[in-house]
Amino acid sequence: MPRITKSKVTAAKISLPLDQILIGDSIQKLAELPAHSVDAVFADPPYNLQLGGELRRPDNSKVDAVDDDWDKFADFATYDKFTYEWLAAVKRVLKPDGSLWVIGSYHNIFRVGAILQNLGFWILNDIIWCKTNPMPNFRGKRFTNAHETMIWAAPSPDARPCFNYEAMKNANDEKQMRSDWHLPICSGNERLRTASGEKVHPTQKPEALLYRVIMSSTKPGDVILDPFFGSGTTGAVARRLGRHFIGIEREKVYATHALSRIAKIQPVSDTNLLITPAKREEPRIPFGHILERGLLQPGDILYDELKRHRARVKADATLTAASRLGEVSGSIHKVAATIQGLPACNGWTFWCFDRDGALTPIDLLRQRIRAEMVGQTN
């Protein structure tokens, strides 16, 4: 169970304060953690909004804007120094193949980006969080600020950070996940409030945003550090998805609410439900194994999904088919490409077999053998 702790971690101790919220200054607490010990960092630092007085709606009601002391800096030089120090501290604790995510607005994200590049981080993507329900521009003197920017970076150009490509593609209806994420801001029951109904934290991020961040770039059991923990969205989603978190927060009132929030999260008990195997890591199954297992027979006919093309299976696991260039023989991939006039084609997804009048992709036969192999190793 997560807990709040004020205990100091000395350099001699290599154990991590997993699933804990450390109360104190982020730069000081980061210095107490072991080097190269966390898998990912999500940082939602102060934006340095530089608000010039109260912001009011057309009905003269006050907007609950970010005017807390933790977001105020004397000047850009002070903010840059602060940014350099926490990013340098993050780089020390991040594993060589880890990931850094930083979110910000136009007030600060360009300064943050330049500094992290100066520190040797390698930018992988900038993600545009397009807010589907942004706060309107009440003064009518600018465009409505409807997005924030997230920088996804690795510690160095040589790093090989985790990227769960298949999981993101699955979550996006079998299409590659793009760098523009259309998600609502935190509202409704998800928004933490005090007993009097006031917001606990003015910049609470939606769980949907952290869900995508964590699913895309970490694995179950990984440790995710959030040096500006706030209302605890990172910890809540990490717990739900079977990851560990370390939170750092200087305001105890935020940490107390975050702790209560995280304690209510019930993690997924079956770790297999959290894993999307990368296709490149799956065992290779030659088409010949399908024939050897008797799942298809020499002489069987394969079709494309619309039955425009057909090929006959040979005993040596090649196919033969008629094409515009005459009879063609070869692998399932070569024949599929040739009869379509294409340079390449994935035969596993192109060819189907007929069972009782229904066409079934031969890839399902490959997946059947893979599932049996996994079952034998468990």
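Modeller: Start with strand E12, residues 319-323. E12 is joined to E13 by 5 bridges, and the two strands run antiparallel. This is a predicted model. Within the pair, Ser 323 of the chain faces Gly 326 in E13.

Next comes the helix. Helix H9 covers residues 332-340 and lies across both E12 and E13. Its direction makes an angle of about 150° with E13.

Now widen the view to the sheet. Strands of a sheet pair through backbone hydrogen bonds, either parallel or antiparallel. Here the pairing is antiparallel, in an open sheet of 6 strands. Read across, the order is E13-E12-E11-E10-E14-E15. Strand E13 (326-330) is an edge strand, and so is strand E15 (358-361). Each of these two pairs on one side only. On average, neighbouring strands of this sheet are turned by 35° against each other, direction ignored.

Rolling a probe the size of a water molecule over the atoms shows where empty space is left. With a cut-off of 30 Å³ or more, the count is 1 cavity. The largest cavity has a volume of about 40 Å³. Its lining includes Ala 40, Val 41, Phe 42 and Trp 101. Val 213, Ile 214, Ser 217, Thr 218 and Ile 224 also line the largest cavity. Strand E3 (38-43) and helix H5 (207-217) each supply at least two residues of that lining. By class, the lining has 7 nonpolar and 2 polar residues, with no charged residues.

Conventions: Residues numbered from 1 in each chain as written. Predicted model: local features only at pLDDT ≥ 70, side-chain atom pairs only at ≥ 80, totals over all residues. Heavy atoms only, no water. 1 Å grid on protein atoms, 1.4 Å probe; cavity = no way out; pocket = protein on both sides within 12 Å on 5 of 7 lines; lining within 4 Å. Points joined across faces, edges and corners; volume = space filled by probe spheres on them. Helix = DSSP H or I, 4+ residues; strand = E, 2+ residues; numbered from the N terminus. Nonpolar A, V, L, I, M, F, W, Y, C, P; charged D, E, K, R; others polar. Pairing = 2+ DSSP bridges. Axes fitted to C-alpha atoms, helices over the stretch in contact; angles between N-to-C directions. Contact = heavy atoms within 4.5 Å.
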